[in-house]
There are 2 protein chains.
Amino acid sequence: MTDSAPLFNRLALIGVGLIGSSIARAARAQGAVREIVASARSAATRQRVAELGLADQVVETNAAAVAGADLVIVCVPVGACGEVAKEIALHLQAGATVSDVGSVKGAIVREMGPHLPAGVHFVPAHPVAGTENSGPDAGFAELFVGRWCILTPPEGADPAAVERLAAFWRALGANVEQMPAAHHDLVLAITSHLPHLIAYTIVGTADELGEVTRSEVLKFSAGGFRDFTRIAASDPTMWRDVFLANKDAVLEMLGTFNEDLAQLTRAIRRGDGQALFDHFTRTRAIRRGIVQIGQDSPAPDFGRTHPDLPVEPLPRPYAGPDDD
Amino acid sequence: MTDSAPLFNRLALIGVGLIGSSIARAARAQGAVREIVASARSAATRQRVAELGLADQVVETNAAAVAGADLVIVCVPVGACGEVAKEIALHLQAGATVSDVGSVKGAIVREMGPHLPAGVHFVPAHPVAGTENSGPDAGFAELFVGRWCILTPPEGADPAAVERLAAFWRALGANVEQMPAAHHDLVLAITSHLPHLIAYTIVGTADELGEVTRSEVLKFSAGGFRDFTRIAASDPTMWRDVFLANKDAVLEMLGTFNEDLAQLTRAIRRGDGQALFDHFTRTRAIRRGIVQIGQDSPAPDFGRTHPDLPVEPLPRPYAGPDDD
């Protein structure tokens, strides 16, 4: 971003957690907006946003944040978006684009849509990116690079407004795709919501066993379990809202998952090694596909680093005259 | 490893995949053994091991490999260990230590133990470390650093032989713990086997949906799914054998997991946000515990790297005289 004009004049960010603060950093780094105004519910977050210099102005109310903004992005948990829409409705500038970053889109359309006045462009969005951390300090400008941002404009949305928001996300490094909100919710139910539910479940299971101590679970987690704990460390409020808001699609995917798990369980019980081998061979191909299209690192073990070998001399196996 | 004597004179490695080749590299780097002799079932693997210089000698038969070795480590899938024990039994040197690296220990004791002659020390072992890759090229010397290696010596094992093997694993950078084989199998069922089964299941589920295409699953996998695909890309033969060999413990853990999943499913169905929030808050603490004891990286997203922001100038939102 050097010589081209900003895509938007003033970006209002409602909520500045992992996603909101990453948008602020990336939009500024790319010169995608001329100015950023941020609001956050808690005074502590507002203070931290000011300290980090993430916005040109930090204001107390969402209504104040959106005044004069031509792009408003609501970055709060899905369950709080309807209330925010109500708060900002009367203060939106005519012609402004209103968007969000929620992991569920049907509920966002249902809960935000009715509050928004005619004359603003409502284009829900979901950048499929994140980490297990939350809060304004957790964000970074590169979070969206190479990831997908899904737009779910309602029928009749202004194509120019949709394209302008798409250009904004591309400026932040994202690939952009459009689909209906209902299809988004089905796709994300399998690629994100069900994996989180399963991870939350198994981490809970491991923590409750009488026969295996928590200390053992932690120590021997490198056998696979630790991968699940990262996802199960995601923000509890955000994920509570996701499951409440995308209940139907999640329950549908859960039904299919349970059938498949029952089938593999039966293969184990019956000692059907061929069925297990065939299944395990098939799933290996999916991983290759994800790495091939650049959606994960080709490095083994996610590229986790390994400390060097120890340098102390080995203890000697046999006692000898020069032993300690 | 500089001035101290090697712990063993000749290490025989039976099988040189990810684990075997990592042992070879680490043992040599640390001077833990004076000499390495390797055997592998396939001619292609033997040739590759020779090309990589992983062993001082590469031989065709397991019997030839163990001749004159004071440490024998069997690094083949669990289901093949019994056969290997039978092949090497008559060729083992008196006083040699025989070990393995299998992810299941009860079955190893049952299937290898009866073949091994009196006068050798049988000390089953399981280094809890690995990646999703397999084969001699996948190994690296640092794989075991900071990870745990669990020894499950049978009752009556010679304490000096056990300690010497423990010293070998510590030289490779591992922490060493001892426990009964049956307890190992229960601990690993939850920290490794069940996570793999769940990951294999969900990746299969995602690949079979009529409503969501494979291309969509791959593109939007950064929402959580991609983490599961790494584990579900693990070696199919190894994992078939694990589930067949540790059936009882895996089925027991599966039972508990299914109960817990049913409980969370009910909370979603009923819209019980508080139950979801409480569960998700509890699991976050487990992640912190794992990071605190050094069993995973504190870096967000496993330390995955993010490419830089794009440097091309942004497309301008409004058409103008100097637009393309």
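Of the 324 residues that make up chain A, 55% are classed as buried in this predicted model. The secondary structure of chain A consists of 12 helices and 9 strands.

The mean pLDDT of chain A is 94, and 95% of the residues score at least 70. An exception to these scores is found in residues 316-324 of chain A, where pLDDT stays under 50. For this stretch, the model has 6 contacts beyond four places in sequence. For the complex, the predictor gives an ipTM of 0.92 and a pTM of 0.92.

In chain B, an open sheet is formed by 3 strands, arranged in the order 7-8-9 with mixed pairing. Strand 7 (125-127) and strand 9 (175-178) of chain B are the edge strands, each pairing on one side only. From one strand to the next, the twist averages 20°. Strand 8 of chain B, which covers residues 148-151, pairs with strand 9 of chain B in the parallel sense, and 4 bridges connect the two. Within this part of the sheet, Trp148(B) has Asn175(B), in strand 9 of chain B, as its bridge partner.

Notes
Residues numbered from 1 in each chain as written. Chains lettered and ligands numbered in written order. Predicted model: local features only at pLDDT ≥ 70, side-chain atom pairs only at ≥ 80, totals over all residues. Pairing = 2+ DSSP bridges. Axes fitted to C-alpha atoms, helices over the stretch in contact; angles between N-to-C directions. Buried ≥ 20, exposed ≤ 12 C-beta atoms within 10 Å, placed from the backbone. pLDDT = per-residue confidence, 0-100. Contact = placed C-beta atoms within 7 Å.
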